[in-house]
Amino acid sequence: MRQSGAFGKAAVIVWRRWILPILLVLVLGASAAALVKIAFFPDRTEASVSPQAGVTDPVIAVERGSVVNALSLTGNVARDEEYSVRGEINGTVTAVHIGEGATVAAGQVLFTVKQDDPRKDIDILAPEAGEVTDLALVKGQITSVGTEIYTLTPARYHLLATVEPVQLYRLVNAPAEASVTITGGPAPFTCSGVRVQVTAEGTASVRCAIPVDQIVFAGLPATLDLALGQVDDALVIPVTAVTGGAGTGKVWVDAGDSAEPEERAVTLGVNDGTMVEVVEGLAEGDSIRQFVPGFIAPVDEVCYEVSPGVEQCESGMSW
C-alpha cells in the first residue's frame with residue numbers, strides 16, 4: 001500500500017512538472033502559428049470566389065409634378081443715393097431761399113434767377129423731397145446751363161438684398177414686384193422696380209424701390225420674397241440629372257439593356273433649385289440617370305455616441 005501511494009504521488013509530480021507545461025507550450029504554439037497564417041497568408045481560394053462590390057449609377061423615371069420657383073432673400077433698407085443737380089438757365093442769382101443741409105419738399109423754391117434772354121425772374125424748384133447740400137450759388141452770382149448748383153439726397157428708400165451668384169439664372173425673368181417683410185416693422189408690402197445688380201467683383205444683389213408712403217428707416221433688416229414662377233402637372237426631373245439649368249440642358253437616357261446611356265438635349269422651364277421642369281426632349285416614364293456622368297453623389301455623415309462624451313461619425317453615399 002505504501003509503495004502504490006508513493007508511486008501515485010510521483011506520477012502527479014511528473015504530470016505537473018513536465019507533461020502539463022509541455023502540452024501548454026504545444027497548444028500555444030499551434031495557436032500562434034494559426035494567427036500568423038490568417039494575418040499574413042490569407043486563403044487565396046476563398047478570396048478569389050468572394051463577390052466584388054460595385055457602385056452603379058442610379059436610374060429614375062421621368063414623372064409629373066409641380067415646381068414652384070420662389071426665392072427668399074435677406075437684406076437691409078437703405079436710402080437712395082445722392083445726386084448732383086445742374087443749372088438749366090443762364091442768368092444771375094437774385095435770391096437763395098434755403099440753407100446748407102435744408103430738408104425740402106418736392107416743388108419747393110430753392111433759388112430765384114434773373115434770366116438773361118428773355119430777361120425775367122425764374123424760380124428754381126426742388127425736383128423731389130430730400131436734403132440739399134453742397135450749395136454752389138449765392139446771391140449775385142452768375143450761373144449757366146450745366147453748372148452743378150447743389151446736391152440732393154432724395155427722401156426715397158430701397159431694399160438691397162444679397163444673392164448667391166449661383167442663383168442669378170433663376171432671376172433672369174424676375175418679376176417687377178416683390179414682397180417685403182421688415183423685421184419688427186409693418187405688415188408685408190409690395191416694392192417695385194425689381195432689378196438685379198452685379199458688381200465688377202462678382203457680388204450680386206437684388207434691389208427694389210420702397211413706396212414713398214411707407215415709413216421705413218435706413219439699416220432695418222428685411223426679407224425680400226420673389227415669386228419667380230410655378231408649373232403644375234409638368235414633367236420634372238432632379239437638377240442633378242441635367243447639365244445646364246437655364247433654358248437648355250442635357251440628360252442621359254438609360255435604355256435598360258446595359259448599353260451606354262444616350263445623351264439627349266432637353267428644353268427646360270421653371271427651376272426651384274432641386275427640381276426642374278422639362279418642356280421638350282423627354283416623355284413621361286423615360287428612364288434617366290439620376291446624376292450626370294462624373295458627378296460625385298452627395299455624402300451623408302451619420303454620427304452616434306459610442307461612449308459617454310465620445311462620438312463616432314461614418315459617411316457614405318446618400319443613395
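How many salt bridges does the structure hold? There are 12 salt bridges, each one a side-chain nitrogen of Lys or Arg within 4 Å of a carboxyl oxygen of Asp or Glu.

Before you start clicking: this is a predicted model, in which local features need pLDDT of at least 70 and side-chain atom pairs count only at pLDDT 80 or more, while totals for chains, interfaces and linings use all residues. Residues are numbered from 1 along each chain as its sequence is written, and side-chain values use heavy atoms, with hydrogens and water left out.

**Stop one.** Select Glu 131 and Arg 79, whose side chains form a salt bridge at 3.6 Å, N to O. Glu 131 sits in strand 8 (residues 130-133) and Arg 79 in strand 2 (residues 63-79), so this pair ties together parts that are 52 residues apart in sequence. Strands (E, at least two residues) are DSSP runs, numbered from the N terminus. Glu 131 is partly exposed at 31% relative accessibility, and Arg 79 is also partly exposed, at 27%. Here buried means under 20% relative accessible area, exposed over 50%, and partly exposed in between (1.4 Å probe, protein chains only).

**Stop two.** Now pick Asp 80 and Arg 207, which meet in a salt bridge at 3.5 Å, N to O. Asp 80 is in the loop between strand 2 and strand 3 (83-86), and Arg 207 is in strand 14 (residues 204-209), 127 residues apart. Both residues are buried.

**Stop three.** Finish at Asp 286 and Arg 264, a salt bridge at 3.6 Å, N to O. Arg 264 is partly exposed, with 22% relative accessible area.

Conventions:
Helix = DSSP H or I, 4+ residues; strand = E, 2+ residues; numbered from the N terminus.
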